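Hi,

Here is the structure I said I'd pass along. Have a look at it first, and then read on for what turned up.

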Amino acid sequence: MQNTQTPPPNSNFIKSLIKINNPDWTPEQIEAEAQKKMLEIANGNDDGSCEFCSS
């Protein structure tokens, strides 16, 4: 049986998207939000609306 899970997103990609959506955030805020998103994705806690994942 094949594994159909999507690969984990690249953290630099997530940080770039956060920076685009929040241009006035500090690097520390961006890093914290990126870590939060990575944990949500890794733990499967997203509700299917992951803006960083392809469907």
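How many residues does helix α2 have, and how far does α2 reach from its first C-alpha to its last? Bear in mind that this is a predicted model. Helix α2 covers residues 27-43, which makes 17 residues, and the distance from first C-alpha to last is 24 Å. That is close to the 24 Å expected at 1.5 Å a residue.

The buried residues are I30, E33, A34 and K37. Looking down the axis of α2, these buried residues fall within an arc of 105°, so they line one face of the helix. The general rule behind that kind of pattern is that an α-helix has 3.6 residues a turn, so residues three or four places apart point the same way. On the face of α2 turned away from the buried side you'll find the exposed residues E28, L39, A42 and N43.

What do the buried residues of α2 pack against? Their partner is α1, residues 11-21. The axes of α1 and α2 come within 9 Å and cross at roughly 125°. That angle makes α1 oblique to α2, and the crossing is right-handed. On the α1 side, the residues that meet α2 are S11, I14, K15, I18 and K19. Facing them from α2 are I30, E31, E33, A34, K37, M38 and I41.

One is E33, which sits in helix α2. Is E33 buried or exposed? With a relative accessibility of 19%, E33 counts as buried, because the cut-off for buried is under 20%. Setting aside neighbours within four places in sequence, E33 is in contact with I18 and W25. Of those, I18 is also among the α1 residues that meet α2.

The other is M38, also in helix α2. M38 has a relative accessible area of 25%, so M38 is partly exposed. M38 is on the list of α2 residues at the meeting with α1, and I14 is on the α1 list. How far apart are M38 and I14 in sequence and in space? They are 24 residues apart in sequence and 8.3 Å apart in space, C-alpha to C-alpha.

Cheers

Terms used:
Residues numbered from 1 in each chain as written. Predicted model: local features only at pLDDT ≥ 70, side-chain atom pairs only at ≥ 80, totals over all residues. Heavy atoms only, no water. Helix = DSSP H or I, 4+ residues; strand = E, 2+ residues; numbered from the N terminus. Expected span 1.5 Å × (residues − 1). Buried < 20%, exposed > 50% of the residue type's maximum accessible area, 1.4 Å probe, protein only. Arc of directions from axis to C-beta. Contact = heavy atoms within 4.5 Å. Axes fitted to C-alpha atoms, helices over the stretch in contact; angles between N-to-C directions. Parallel < 35°, antiparallel > 145°, perpendicular 65-115°, else oblique. Left-handed = near helix turned anticlockwise from the far one by under 90°.
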